[in-house]
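Reader: I am new to this structure and would like a friendly tour. Could you take my questions one at a time?

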There are 6 protein chains.
Amino acid sequence: MNTIYILFLFTFLSTTSYASVNDLCVADFKGPSTPSGYHCMPLANLTSDDFVFHGLVAGNTTNSFNAALTSAFVTDFPALNGLGVSAARLDIAKGGSIPMHTHPGATELLMMVKGKITAGFMTPTALYSKTVKPGDIMVFPQGMLHFQVNSGVGTANAFLAFSSENPGAQLLDLLLFANGLDSDIVAKTTFLDLAQVKKLKARFNGKTS
Amino acid sequence: MNTIYILFLFTFLSTTSYASVNDLCVADFKGPSTPSGYHCMPLANLTSDDFVFHGLVAGNTTNSFNAALTSAFVTDFPALNGLGVSAARLDIAKGGSIPMHTHPGATELLMMVKGKITAGFMTPTALYSKTVKPGDIMVFPQGMLHFQVNSGVGTANAFLAFSSENPGAQLLDLLLFANGLDSDIVAKTTFLDLAQVKKLKARFNGKTS
Amino acid sequence: MNTIYILFLFTFLSTTSYASVNDLCVADFKGPSTPSGYHCMPLANLTSDDFVFHGLVAGNTTNSFNAALTSAFVTDFPALNGLGVSAARLDIAKGGSIPMHTHPGATELLMMVKGKITAGFMTPTALYSKTVKPGDIMVFPQGMLHFQVNSGVGTANAFLAFSSENPGAQLLDLLLFANGLDSDIVAKTTFLDLAQVKKLKARFNGKTS
Amino acid sequence: MNTIYILFLFTFLSTTSYASVNDLCVADFKGPSTPSGYHCMPLANLTSDDFVFHGLVAGNTTNSFNAALTSAFVTDFPALNGLGVSAARLDIAKGGSIPMHTHPGATELLMMVKGKITAGFMTPTALYSKTVKPGDIMVFPQGMLHFQVNSGVGTANAFLAFSSENPGAQLLDLLLFANGLDSDIVAKTTFLDLAQVKKLKARFNGKTS
Amino acid sequence: MNTIYILFLFTFLSTTSYASVNDLCVADFKGPSTPSGYHCMPLANLTSDDFVFHGLVAGNTTNSFNAALTSAFVTDFPALNGLGVSAARLDIAKGGSIPMHTHPGATELLMMVKGKITAGFMTPTALYSKTVKPGDIMVFPQGMLHFQVNSGVGTANAFLAFSSENPGAQLLDLLLFANGLDSDIVAKTTFLDLAQVKKLKARFNGKTS
Amino acid sequence: MNTIYILFLFTFLSTTSYASVNDLCVADFKGPSTPSGYHCMPLANLTSDDFVFHGLVAGNTTNSFNAALTSAFVTDFPALNGLGVSAARLDIAKGGSIPMHTHPGATELLMMVKGKITAGFMTPTALYSKTVKPGDIMVFPQGMLHFQVNSGVGTANAFLAFSSENPGAQLLDLLLFANGLDSDIVAKTTFLDLAQVKKLKARFNGKTS
């Protein structure tokens, strides 16, 4: 399984392709980024292959979420540079879920392919939640905290589209428990019990001071 | 202390609920549109159902294109108003195709679900064309003329995402032959033979003057 | 010559006064909002008073956060409509804090006026946190989860600026515990213990089912 | 087959005609404006005449500037609504000039048609100024204070383009001397002599208190 | 006091001169492009000459279109970098025309200088077409397929403005017939007869396979 | 299971850290700027210190304006790169003022901290002016000419926020009198007396030809 995983990583991380002036501005990762995206590859270097991404396949769901997100963001698919749209594939095994997260500044569309997913997003005063199945699209407006849970009897999968070529994925548990933030400050600014904070810090490899 | 807390919350929420008028701006088609989209429905009227679209199903391909595009644009799915993203489902029967067209100002992502599609877009000096299959995404950068042909042995279908909530679909044959433009002007500005123009005007119900 | 001049001016001004409809677009809350903001008040109705907001004063910190945010968002100060900037005043009593929250799509600047605040924002892999005092500005880039804690010996206050006229304030506890989301789903998608979820739902008045 | 085809077309067009609501958003001045522009006229009301403006003709230069600007801004030519571009015609008689002014947020292109114009724009530390003649274009980047003087032996005229459908024209003399600002404040914040301020206030019909 | 003033100025200007890096961002073609345009030349290198373009002159119309477009796009006139506007001059000899084309994402304004032009743009369901003469402006909204035909008794010319510094010009015949796209695919996705496709491929130097 | 989980996490983060290249784009001044801002520093180089600016302190008002503006623009505070917001501190001694100026394309918010300021902005036909004190915010919409005068009995100070990370400050006197523009042209295009122009050129160190 580890071997498979590594292969998956390789697909995930490696994306070599090429770019243009303005209509066609495929990212060149050799230079730095800018607030509007990466430098453009020279137009003369571009081929048809630059405009196709091959890795929108089922991810490995043998993990503690029982779920996998396979991304086709600009860092995976450089032709998306500057185009304001990207995609991903979501696979959730029975009982699995994609935990609470946000995409800062990007709207997400979830297009169901198979199975049943209960998903939702929240504002301080309202919950918008539904169970969706093939034929349905659910929208999670930009920046909203949201989740997806497999509520069916088998594996579920969906295609995702985002209103940004680089939507990121800010998983709440990683934000709170994985990056070294003091347990006391987490507790104080979330109203969670300190013991709960320490338990999750242990799980997500954050420091447990 | 709980009571005080509630009062504090109330003050806070009077702001956040107004703020949501923009975070959540589901289109209200009773009023006119604006350059940035439709008027927003009152926040209090929104329910979970507003954020789900149920019609991303196979379209009827029994037509002269042997193909169907089922759209989830803002006019179909009002929650997309102002969010800069939309979706569609593409079904192409064996031998069918989606003819040459553009989406003015919107990039298109084609995410293959089933079958084989040969697709491409053109600049004046280059052709970018590939045959794609499940697991592949092809991108058609904004405003480029492009086409999709079923090049497999059975039905093909794909999900599409667009970098606009209202990408339109400007089919070249409709632009040239269906809207009353004089045959002489079409011939002069496309270099097509006049007879060819008249033949296609007859087919696409344009006037044949 | 003066007469001629006046006539010339009149022609000129008929343009410039129309032009001001966009330069000056004070929100008219009688109509609906749009994705770009509210309708503009008629130019002729505007007075100097429309461009001044009087409420940037200390809020009441006698609440369970020991803190108050006094906002000057577009809904408080209609002249900000369409201008992409807003402000607020932050008061945190000794021991108080502004709990974890996001502003979807808005960057926040915190300009210290008095006292000491320990603040920070997190990505999945990094924590950016500092203690700031008068003379300092801290920036919380758009959409990032962040917090502010009074770490001084007395009251602290600061002025805030936002890169949106309507930044909202999505407090994490309200998103998770105040809007009716099932305790089971919260637990499953946050990895919090169910007992912890129920305890906080009770505190934030969410249903405790 | 034709019948089937027509049905297919109908489905297709119900989308594309809605889509055109945004592609074609001619201003309807009966409603209010918004930060992104005016409401759109119903698509069914539009005719070819909406997309042509007839008044790009020489203005009357018999005035104290010996110059005239004939505008084709959105308020003159409603089809420009939301399109981010507009135009004007500039006529300057011998000895005349367009006085110092800015277009807040719009870049100006000056395309010479006839005669000679000396034009320029300033930053606090630099002057960019040239004499231009037919065949030349000069650009005045967004928001910069600029001027145009006829430096030839006869009438000069030019076409202007702007990067906004509503560029306005903030003439410095009108800003300082025509709108009721106290002479004392003008003097204090411009370092002009009070007598000079009063003299120009008299000329531009500002109050002379 | 003058000395003190100068010191103050110096502090102030250190900011304003940096600020101009963005106000004035003339393209430096030695580096790559980005999604927002080219790198900026150092401010200290700029002179008045950078802001003037000298080539807006009549093009040579002795070609198969009997027409010429002389462009002042960012690649011709680097001062337009990042400013969202550009220009061109159109010359059409008697009997000539600018064939069907699009500018992806840019609106075009046609300002008539001399002669008579019949021009138009099409949506799938409507044609907007007019004959224009000096004094008229016609607008072609962003991304729309459009054409211009000399319908007068002599040469016609016009100035064009675009809502982009890099509008491109996607001529339909070049897209379909000049870049190597298979004749069979062209025929299938345009409904043109194969013989017609091959005839135009021969004319536009596309492969005739 | 924990081990597997960690592996999954790692995959996930490889994406999210790339994603952060855009979420966190601190300016790297070693490279050139672009129309959207400066190149981004490598994410791995960033520390908490990058997100705090320490210089928002009282400026020296011993100058001919009796005023100082201390800026926290992107060139002072590189973390603001691409974020569309910046800040400054304004100190005006008794009798002092910030003279007439514009920020091309940026709106300014003035948040009063101490004292009394009379401020205003002008359109060709209207003056919007008020005296503000602590607790008040005044807004100066984008590109408008405006001024601030200390109208109280002691020192005044305020915090400013701008809707751009690089608002600049185009002081009218510097534009007209400090950069080498011919006195004759200044006089002709402002209607100021030539003697007045020469007097101010002498004061602001412009050439007095």
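Reader: How many residues of chain D are in contact with chain F, and with how many residues of chain F?
Author: Welcome! This is a predicted model, in which local features need pLDDT of at least 70, side-chain atom pairs count only at pLDDT 80 or more, and totals for chains, interfaces and linings use all residues. Residues are numbered from 1 along each chain as its sequence is written, chains are lettered from A and ligands numbered from 1 in the order in which they are written, and side-chain values use heavy atoms, with hydrogens and water left out. Taking contact as heavy atoms within 4.5 Å, the numbers are 45 residues of chain D and 45 residues of chain F.

Reader: Which three residues of chain D supply 19% of the area that chain D buries against chain F?
Author: Buried area is the accessible area (1.4 Å probe) that two parts lose on being put together, summed over both. Chains D and F bury about 3,700 Å² between them, with 66% of it on carbon and sulfur atoms. The 19% share of chain D, more than any other three residues supply, comes from Pro124(D), Thr189(D) and Phe191(D).

Reader: Which residue of chain D forms a salt bridge with Asp193(F)?
Author: A salt bridge here is a side-chain nitrogen of Lys or Arg within 4 Å of a carboxyl oxygen of Asp or Glu. Chains D and F have two salt bridges between them. In the one with Asp193(F), the closest N and O atoms are 2.7 Å apart, and the partner is Lys199(D).

Reader: Which helix gives the largest share of the side of chain D that touches chain F?
Author: Helices (H or I, at least four residues) and strands (E, at least two) are DSSP runs, numbered from the N terminus. Among the elements giving two or more residues to this side are strand 6 (97-102), helix 2 (172-177) and helix 4 (194-203) of chain D. The largest share, five residues, comes from helix 2 of chain D.

Reader: Is Gln148(D) buried or exposed?
Author: Gln148(D) lies in strand 11 of chain D. Residues that Gln148(D) touches include Leu90(D), Ile92(D) and Phe140(D). Buried means under 20% relative accessible area, exposed over 50%, and partly exposed in between (1.4 Å probe, protein chains only). Because its relative accessible area is 1%, Gln148(D) is buried.

Reader: Which side chain makes a polar contact with the side chain of Gln148(D)?
Author: A polar contact is a pair of N or O atoms within 3.5 Å; within protein, one must be able to donate a hydrogen and the other to accept it, and residues adjacent in sequence count only if both atoms are side-chain atoms. At 3.0 Å, the partner is Glu108(D).

Definitions and conventions
Lists of a residue's contacts leave out its neighbours within four places in sequence.
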